[in-house]
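Open the model in your viewer and keep the selection tool ready. This tour tells you what to pick next.

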Amino acid sequence: MTLDDLEAKIKEAPKPAGLEQTADTLVFGEGDANANVLIIGEAPGEQEDQTGRPFVGRAGQLLDQILASVNMHRDEIYITNIVKYRPP
C-alpha cells in the first residue's frame, strides 16, 4: 500500500468522533515519500485545517527557515502529523 492509497482510505472513512466541531479537512502529509528526513508534528492547527497541508502556520514558517539554513527544502523531506485532523 502506498501513502496515496492510505490517504484515500482515510478520506473514505468517517471522521473520528468528537472532531466534527473543529476539523474540516484531513491533513495527511506531503513531500518526498522516499526522503531520508521525516518531520512528524503533533496535530494540525487552524491554518493546516484550512489548507489541508501540514506545517503551514507559524511552526511551518519556522521549519522553512530552519530547512533553508541547512540548504534543504520542504520538497526534499516528508512532513506529517500523528493526528490527521485538527483536535479541539
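Which side chains meet Glu30 in a salt bridge at 3.3 Å, N to O? Select Arg74: its side chain and that of Glu30 meet at that distance. A salt bridge puts a side-chain nitrogen of Lys or Arg within 4 Å of a carboxyl oxygen of Asp or Glu. Arg74 lies in the loop between H3 and strand E3 (78-81) and Glu30 in strand E1, so the pair ties together parts 44 residues apart in sequence. Helices (H or I, at least four residues) and strands (E, at least two) are DSSP runs, numbered from the N terminus.

A word on the model. It is predicted: local features need pLDDT of at least 70, side-chain atom pairs count only at pLDDT 80 or more, and totals for chains, interfaces and linings use all residues. Residues are numbered from 1 along each chain as its sequence is written, and side-chain values use heavy atoms, leaving out hydrogens and water.

Stay on Arg74. Its side chain also meets Asp64 in a salt bridge (3.0 Å, N to O). Asp64 sits in helix H3. Shared partners join Glu30, Arg53, Asp64 and Arg74 into one network.

Now select Arg53. Its side chain meets Glu30 at 2.8 Å, N to O.

Colour by accessibility. Arg74 is buried at 10% relative accessible area, whereas Arg53 is partly exposed at 37%. Buried means under 20%, exposed over 50%, partly exposed in between (1.4 Å probe, protein chains only).

Last, select Leu19, Ala23, Leu26, Phe28, Tyr78 and Tyr85: the largest nonpolar core. Such a core is a set of buried Ala, Val, Leu, Ile, Met, Phe, Trp, Tyr and Cys residues joined through side-chain atoms within 4.5 Å.
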